[in-house]
2 protein chains.
Amino acid sequence: MDRRQKKTRQAIFNAFTELLSKKDFDKISVGEIIDEADVGRATFYAHFETKDFLLKELCKELFCHIFDTENGCNTEHRHIFECDGESSVFLHLFRHLQKNDNNILKLLSSPNNELFLGYFKDQLEILVVDHISLFEAKKRKTIPDSLFRHHIISTFIGTLRWWIDNKMKETPERITEYFFAIL
Amino acid sequence: MDRRQKKTRQAIFNAFTELLSKKDFDKISVGEIIDEADVGRATFYAHFETKDFLLKELCKELFCHIFDTENGCNTEHRHIFECDGESSVFLHLFRHLQKNDNNILKLLSSPNNELFLGYFKDQLEILVVDHISLFEAKKRKTIPDSLFRHHIISTFIGTLRWWIDNKMKETPERITEYFFAIL
DNA sequence: TTCGATACCGAACTCATTGTTCAATATCAT
DNA sequence: ATGATATTGAACAATGAGTTCGGTATCGAA
């Protein structure tokens with residue numbers, strides 16, 4: 001990829017995350033992004049079809065960073081994973097999210113974030129399907145599978161949201177406890 | 001209230017709900033609403049400050065209809081309530097929602113519906129606080145109160161969403177079972 | 001270093017939408 | 001009948017999205 005393209009792309013990503021830390025996604029205009037990124041208007045549209053696509057690309061990068069490590073391809077992460085027992089997949093996730101890399105969390109409790117939430121849920125779905133055995137024993141007889149998966153995901157996001165809205169006072173460990181207690 | 005005002009207000013409500021059955025809230029423009037309602041532009045803005053306020057007003061009416069009956073002011077509803085035992089508050093709600101009065105449900109699974117969802121949650125919060133005893137026994141020791149309430153509400157909405165997205169094939173009774181089984 | 005390709009620039013443009021204003025008109029309640 | 005008030009619709013300003021295009025700067029390869 002051309003050096004200029006990489007630079008521009010990164011400048012836009014940086015500007016976007018910077019703006020996201022200050023205001024809601026749907027209040028950010030393309031004009032603001034290109035000002036912050038110091039990039040021509042046409043250039044922006046040469047890179048991203050719309051603001052939604054920009055978000056999508058950003059999510060790809062962020063989720064790749066956060067979720068891919070769950071698949072055991074990273075030694076450091078596998079270490080944590082193996083030390084803390086089965087529930088650590090979620091603990092690990094909570095820890096990652098606590099760091100608030102790239103203001104990803106802002107997107108979780110901001111309004112009109114269905115787009116982001118959709119991508120986030122897709123990633124969680126994969127994770128949950130992989131680790132469904134953690135919960136298998138309890139309730140699967142009485143309710144449909146899809147509802148059960150749906151519920152795990154929505155509970156995870158719900159717990160996470162509550163955590164964020166309450167200024168993340170609790171430790172990731174405590175939140176993980178809560179998460180499993182609730183389920 | 002002036003007869004003209006009532007007529008106009010109702011025309012706008014009707015147009016709005018009609019449009020909501022066809023497309024998402026944030027894809028509907030004021031222009032479309034006034035065309036469908038056959039009402040002057042200035043008239044619309046004389047009634048509602050913005051599109052968001054229109055939604056708010058509509059929610060007020062709908063929620064008043066659905067939730068107020070839970071408070072026992074309506075004899076027919078109280079009858080149902082008393083017959084079906086404690087869990088019937090939620091059963092009753094599911095039944096009401098199944099009827100899909102005024103396409104309220106469309107709003108639940110449509111994107112960018114934080115506004116609607118906010119009002120809906122506020123109503124649920126009241127209801128849950130009133131009936132928190134239904135769940136009291138189980139888990140309140142291990143997790144904070146606010147998280148617990150938050151979780152009941154988000155589970156209710158989650159279950160409802162799953163129901164809607166799956167074409168509401170199940171009966172309200174079955175969904176109520178699921179809801180309590182999950183919790 | 002040169003040179004062709006390509007990325008960037010930015011101003012100007014179209015288009016859609018929002019929300020306001022105002023004077024003319026219609027409808028209301030009494 | 002009449003004074004008050006609601007409606008109308010066109011015109012207006014403001015904002016933002018997305019496009020176009022000629023000119024400029026940068027790249028990478030020879």
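This is a predicted model: local features need pLDDT of at least 70, side-chain atom pairs count only at pLDDT 80 or more; totals for chains, interfaces and linings use all residues.
H3(A) provides the largest share, with 4 residues. By residue type, the surface near DNA strand C holds 8 charged, 7 polar and 6 nonpolar residues.

Helix H4 of chain B covers residues 51-67, which makes 17 residues. From first C-alpha to last, H4(B) reaches 24 Å, close to the 24 Å expected at 1.5 Å a residue. Its buried residues are B:Leu54, B:Leu55, B:Leu58 and B:Leu62. Viewed down the axis of H4(B), these buried residues fall within an arc of 95°, so they line one face of the helix. An α-helix has 3.6 residues a turn, so residues three or four places apart point the same way. The other side of H4(B) carries the exposed residues B:Asp52, B:Phe53, B:Lys60 and B:Cys64. The cover over the buried residues of H4(B) includes H1, helix H7 (104-109) and helix H8 (114-130) of chain B.

The largest nonpolar core has 70 residues. Those with the most contacts inside this core are A:Ile12, A:Phe16, A:Ile33, B:Ile12, B:Phe16 and B:Ile33. Leaving aside residues up to four places away in sequence, B:Ile12 touches B:Ile33, B:Ala37, B:Val39, B:Phe44, B:His47 and B:Leu54. B:Leu54 is also one of the buried residues of H4(B).

Note on methods:
Residues are numbered from 1 along each chain as its sequence is written. Chains are lettered from A and ligands numbered from 1 in the order in which they are written. Helices (H or I, at least four residues) and strands (E, at least two) are DSSP runs, numbered from the N terminus. Ala, Val, Leu, Ile, Met, Phe, Trp, Tyr, Cys and Pro count as nonpolar, Asp, Glu, Lys and Arg as charged, and the others, Gly among them, as polar. The expected span of a helix is 1.5 Å times one less than its number of residues. A residue is buried if 20 or more other C-beta atoms lie within 10 Å of its own, exposed if 12 or fewer, and partly exposed in between; C-beta atoms are placed from the backbone. The arc is that of the directions from the helix axis to the C-beta atoms. Two residues are in contact if their C-beta atoms, placed from the backbone, lie within 7 Å. A nonpolar core is a set of buried Ala, Val, Leu, Ile, Met, Phe, Trp, Tyr and Cys residues joined through C-beta atoms within 7 Å.
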